[in-house]
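Hi,

Here is the structure I promised to pass on.

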Amino acid sequence: MRLRWLVLLPLLVLAPGLAAQPAGAGAAGGMATPPGMNLSALPSIAGPSLTLSLNGAGGAAAESGNGAVAMGLQILALLTVLTLAPAILIMLTSFTRIVVVLGFVRRALSTQEVPPTQVLIGLSLFLTFFVMAPTWTSVYEGAIRPYFNEEIALAEMIDRAETPTREFLFENTRKNDLALFIRMARIERPQTKADVPTYVLIPSFIVSELQTAFLIGFIIYIPFLIIDMVVSSVLLSMGMMMLPPVIVSLPFKIILFVLVDGWNLIIGSLVRSYF
């Protein structure tokens, strides 16, 4: 087979020139067509060709590329949300109020690092999960589950998840704080809750949480402050000015806190303040 093609290739190269010569030109040029050979019967070789299609499969490929880009943007948005998850957990939940109040309790007891900071943070997190369970359940059932089941789009999922979250924020935001941020934002006075932008509602909620936490902390401080004042007066009257009153008052604070079941009162009051 290879020998056949080696014979035919020179003929294919010379075929155009031979066909263009007149009948007697072959002998004059020193080249003649062998008798009995029909050049038109030789097989033709077609070169490679390239076809570009802007429709059909090409259009499908473009749509696939756009879908890949959209999926990449969704993954980027998800990673951004995961990065901001600690801030969202702290600022958009009951965590702020709970952890501040527990910090006031430790300060009022004058126990320095008891309970440890890790214990207070862990307790605050689990109390936050307990308080936010109804809201998060509503978000999951109404927004996240339908999205995972491909029943709704991403934009609709965000809108559905925003509704119960805004309801929780409104229920725990003071009107004075909300009015403050509305004035600073220089927007028209909202007629309904739906007219209040989320970027105005969130800082209003955070300030309200801090205000409520400080108020609860002040109430917690009062009985322990009275104990400090009594102990300080007794020591002063006894002439024991060199003895720090905190050392003497600490056992009385702890026993008072235990006798009144302080943790039960504080945790119960914190949780009930959201329901």
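First, a term for what follows: buried means under 20% relative accessible area, exposed means over 50%, and partly exposed is in between, with a 1.4 Å probe and protein chains only. Also, this is a predicted model, so to speak of local features I needed pLDDT of at least 70, and side-chain atom pairs count only at pLDDT 80 or more, while totals for chains, interfaces and linings use all residues. Residues are numbered from 1 along each chain as its sequence is written, and side-chain values use heavy atoms, with hydrogens and water left out.

The overall picture: the protein chain has 11 helices and 0 strands. Both are DSSP runs numbered from the N terminus, helices being H or I with at least four residues and strands E with at least two. Of the 275 residues, 26% count as buried. The accessible surface comes to about 18900 Å², and 69% of that belongs to carbon and sulfur atoms; areas are from the Shrake-Rupley method with a 1.4 Å probe, and for residues only the protein chains shown count as cover. Taking contact as heavy atoms within 4.5 Å, 69% of the contacts between residues at least 6 apart in sequence join residues at least 24 apart.

Now the aromatics. Rings of Phe, Tyr and Trp (its six-membered ring) pair if their centres lie within 6.5 Å; planes under 30 degrees apart are stacked, over 60 edge-to-face, and the rest tilted. By that rule there are 9 aromatic pairs. Take F104 and Y221: their ring centres are 6.2 Å apart and the planes sit at 85°, so this pair is edge-to-face. It links distant parts of the chain, with F104 in helix α5 (residues 95-109) and Y221 in helix α9 (residues 198-237), 117 residues apart. F104 is buried at 19% relative accessibility, whereas Y221 is partly exposed at 29%. Another edge-to-face pair is F257 with W263, at 5.3 Å centre to centre and 90° between the planes. Here F257 is buried at 8% and W263 is partly exposed at 34%. Ring pairs also join F104, F214 and Y221 into a cluster.

One charge is worth a look too: the charged end of R97 sits over the ring of Y274, 4.1 Å from its centre. The rule there is NZ of Lys or CZ of Arg within 6 Å of the ring centre and within 35 degrees of the ring normal.

What makes up the nonpolar surface patch of about 860 Å²? L215, F218, I219, I222, I226, V230, V234, M238 and M240 do. I226 is in helix α9 and is partly exposed at 47%.

Then the loops. R174, between α7 (154-171) and α8 (175-185), touches S208 and Q211, leaving aside residues up to four places away in sequence. Most residues other than glycine have a negative phi, and most peptide bonds are trans. The V114 to P115 bond is cis, with omega near -5°, and P115 is in the loop between α5 and α6 (117-148). S110, in that loop as well, has a positive phi near 60°. R186, between α8 and α9, has phi near 55° and is exposed at 79%.

Cheers

Definitions and conventions. Patches are made of residues with over 30% relative accessible area and no salt bridge: like charges are joined within 9 Å, nonpolar side chains (Val, Leu, Ile, Met, Phe, Trp, Tyr) within 5 Å. A salt bridge is a side-chain nitrogen of Lys or Arg within 4 Å of a carboxyl oxygen of Asp or Glu.
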